[in-house]
Amino acid sequence: MDPTAIISIESAHTSGVYPKRPVAIVRGQGARVWDAEGNEYVDCVGGQGAANLGHAHPAIVAAVTQQAAQLISCPEIFHNDRRAELLAALAQAAPAGLQRAFLCNSGAEAVEAAIKFAWLSTGRRQIVACQRGFHGRTLGALSATWEPKYREPFEPLVPGFRHVPYNDVDALEQAVDDQTAAVLLEVVQGEGGVRPGDPAFLLAAQRLCRERGALLIVDEVQTGYGRTGRLFACQHYGLEPDLMPIAKSMAGGLPMGACLIGPRVGELAKLTHGSTFGGNPLACAAALATLHVMAAEDLPGRAARLGAWLLERLRAIRSPLIREVRGLGLLVGIELKVKVTPILQRLQARGVLALPAGAAVLRLLPPLVIEQEDLERVAQAIEAELGRGTSNE
Ligand SMILES: *Cc1c(COP(=O)(O)O)cnc(C)c1O
């Protein structure tokens with residue numbers, strides 16, 4: 001299909017809520033994608049964090065093809081072989097104690113589940129979240145999300161949410177009390193500007209939750225599955241979340257989410273939550289294959305190695321436009337002194353797709369299978385755009 005037709009049909013019939021780039025991506029392989037005109041790109045959007053295994057990974061293609069021919073639909077009123085295998089594999093791979101999971105279809109849904117389970121389990125209604133935190137767009141998850149631009153059109157949202165400054169232990173100390181159902185945070189704030197959490201802050205959150213009868217919800221929707229150099233980012237610091245929403249990369253790019261559940265969460269009564277597509281065998285097959293590939297190819301180790309190299313490579317770029325380069329593993333942000341959108345457009349013209357994280361942070365979320373020479377290509381493109389020191393000509 002001709003690119004102009006694709007773009008004009010989408011523009012006529014899509015909801016309008018997405019600011020779309022005028023390019024039609026039609027094929028992917030590994031860390032590269034191609035547009036409808038045949039132009040090749042190094043993909044540092046990576047499905048916004050869904051494509052950690054890269055595009056068209058043969059293990060995912062095989063698992064999905066096989067399962068599609070066997071059984072796609074099987075709601076959780078029944079048991080299912082693929083789902084059983086996935087739940088066992090998840091329990092095995094997860095941080096200590098997270099032995100149960102509620103399966104769903106997206107990150108926001110996984111966060112919704114965590115909020116409902118925290119309410120049910122504690123009988124409390126207050127949630128302490130963080131400034132610059134991002135947890136999704138449904139009304140509960142949006143109530144936990146900080147960005148005023150996303151929230152304001154929908155206020156008043158769900159009552160009981162408040163936001164403390166990220167990495168501020170004193171503020172957290174004051175906010176968590178005997179009405180707090182849960183503290184909800186990210187280990188590295190992704191959407192909020194690629195801001196790594198201070199280990200002292202993360203551990204203080206865990207301690208305060210334990211002391212004051214609240215649950216710790218660690219949102220690993222973006223950091224999950226190898227992105228930061230460990231399978232889960234909380235494993236860097238020995239955090240033991242009580243509830244852990246995951247999604248983006250858990251099923252090799254297929255839509256899937258899960259809320260992992262630890263031992264401090266009480267029994268969840270029948271019919272207090274549910275999802276028609278949750279735990280469907282097709283997504284379970286993809287998710288199971290994803291866990292196998294993560295381990296077999298040691299993708300967390302690869303993210304740690306390549307991420308450390310990339311941070312150093314980017315920090316060596318001399319540019320008056322760069323304020324800071326930061327990240328963990330292959331979750332990398334470059335904070336600029338200028339708006340990021342024109343830079344993203346110019347990188348795209350150089351064959352590099354990247355993301356923003358707020359108005360002035362350039363975010364790189366490459367598939368973890370990316371080759372170092374592709375990352376070098378990305379670094380060179382960024383150097384060419386930012387290194388010369390002029391902004392918008
Ligand atoms: C993307 C994201 C979500 C929302 O996931 P969706 O699948 O888009 O609903 C929630 N939390 C974090 C940390 C995310 O990065």
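Because the model is predicted, local features require pLDDT of at least 70 and side-chain atom pairs count only at pLDDT 80 or more, whereas totals for chains, interfaces and linings use all residues. Residues are numbered from 1 along each chain as its sequence is written, and side-chain values use heavy atoms, with hydrogens and water left out.

Helices (DSSP runs of H or I, at least four residues) and strands (runs of E, at least two) are numbered from the N terminus. Helix 3 (residues 58–70) and helix 10 (residues 281–296) cross at roughly 155 degrees, and their axes come within 9 Å; axes are lines fitted to C-alpha atoms over the stretch in contact, and angles run from 0 to 180 degrees between N-to-C directions. The two helices, helix 3 and helix 10, are therefore roughly antiparallel (angles over 145 degrees). In contact (heavy atoms within 4.5 Å) are Ala59, Ile60, Ala63, Val64, Gln67 and Ala68 of helix 3 with Pro281, Leu282, Ala285, Ala286, Ala289, Thr290 and Val293 of helix 10. The residues of this contact comprise 11 nonpolar, 2 polar and no charged; Ala, Val, Leu, Ile, Met, Phe, Trp, Tyr, Cys and Pro count as nonpolar, Asp, Glu, Lys and Arg as charged, and the others, Gly among them, as polar.

Helix 11 (residues 299–315) packs against helix 13 (residues 372–386) at an angle of about 20 degrees, with the axes 10 Å apart. Helix 11 is thus roughly parallel to helix 13 (angles under 35 degrees). Leu306, Trp309, Leu310, Arg313 and Leu314 of helix 11 meet Gln372, Leu375, Glu376, Ala379, Gln380, Ile382 and Glu383 of helix 13.

In helix 12 (residues 341–349), Ile343, Leu344, Arg346, Leu347 and Gln348 are buried (under 20% relative accessible area, 1.4 Å probe, protein chains only). Glycine 351, which follows helix 12, has a positive phi near 85 degrees.

The structure holds 0 disulfides (pairs of cysteine sulfur atoms within 2.5 Å). For cysteine 104, the nearest cysteine sulfur is that of cysteine 259, 7.6 Å away, a distance too far for a bond. Cysteine 104 counts as buried at 2% relative accessibility, and cysteine 259 counts as buried at 0%.

Methods: Angles under 35 degrees count as roughly parallel, over 145 as roughly antiparallel, 65 to 115 as roughly perpendicular and the rest as oblique. Buried means under 20% relative accessible area, exposed over 50%, partly exposed in between (1.4 Å probe, protein chains only).
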